[in-house]
Amino acid sequence: MTIAIRKMNEGDIEQVQHVARSSWRTTYKGIIPDSIQENFVATAYSSEMLLKRLNETLFLVGEDEDKIIGFANFTPLKDERKVELGNYLSL
């Protein structure tokens, strides 16, 4: 397996949404009800929200053979020297 790390582009949105959904299902199975997970993921990883993140934050994807298998999103906080990191991996 050779993983390439690169900036996300608009054409990656569908695959990023898939990784987010599968990661949430695996991570929170039996902890957070499925309906709540689906509602959160549908909102937090909507196409509109991902376009906003793409334009306003550093959003990287990990890709193996043209398939996105993970991502990391760095969001600046109000304190200019700090960022919030969100990341997911789906293998």
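Trainee: In this predicted model, how are α1 and α2 oriented to each other, roughly parallel or roughly antiparallel?

Mentor: The axes of helix α1 (residues 13-28) and helix α2 (residues 34-44) cross at roughly 150 degrees. An angle over 145 degrees counts as roughly antiparallel. The two helices, α1 and α2, are therefore roughly antiparallel.

Trainee: How is α1 placed relative to α3, roughly parallel or roughly perpendicular?

Mentor: The axes of α1 and helix α3 (residues 47-56) come within 10 Å and cross at roughly 110 degrees. Angles of 65 to 115 degrees count as roughly perpendicular. The arrangement of α1 and α3 is therefore roughly perpendicular.

Trainee: Which residues of α3 make the contact with α1?

Mentor: On the side of α1, the contact involves I13, V16 and Q17. The residues of this contact divide into 4 nonpolar and 2 polar, with no charged ones. The residues contributed by α3 are S47, L50 and L51.

Trainee: Is strand β2 largely enclosed or largely open, and how many of its residues are buried?

Mentor: A residue counts as buried when its relative accessible area is under 20%. Strand β2 covers residues 58-64, and it is largely enclosed by the rest of the structure because the buried residues among its 7 number 5.

Trainee: In which sense does β2 pair with β1 and with β3?

Mentor: Strand β1 (residues 4-7) and β2 share 4 bridges in the antiparallel sense, and I5 stands opposite G62 in β2. Strand β3 (residues 67-76) is joined to β2 over 7 bridges, with F59 having N73 of β3 as its bridge partner. The sense of the pairing of β2 and β3 is likewise antiparallel.

Trainee: What is the phi of E65, and is this residue buried or exposed?

Mentor: E65 lies in the turn of the hairpin that β2 and β3 form with 2 residues between them. Although E65 is not a glycine, its phi is positive, at about 50 degrees. Exposed means over 50% relative accessible area. With 73% relative accessibility, E65 therefore counts as exposed.

Trainee: What is the relative accessible area of D66?

Mentor: D66 also lies in the loop between β2 and β3. D66 is not a glycine, yet it has a positive phi of about 65 degrees. D66 is exposed, and its relative accessible area is 64%.

Technical notes
Residues numbered from 1 in each chain as written. Predicted model: local features only at pLDDT ≥ 70, side-chain atom pairs only at ≥ 80, totals over all residues. Heavy atoms only, no water. Axes fitted to C-alpha atoms, helices over the stretch in contact; angles between N-to-C directions. Parallel < 35°, antiparallel > 145°, perpendicular 65-115°, else oblique. Buried < 20%, exposed > 50% of the residue type's maximum accessible area, 1.4 Å probe, protein only. Pairing = 2+ DSSP bridges. Contact = heavy atoms within 4.5 Å. Nonpolar A, V, L, I, M, F, W, Y, C, P; charged D, E, K, R; others polar.
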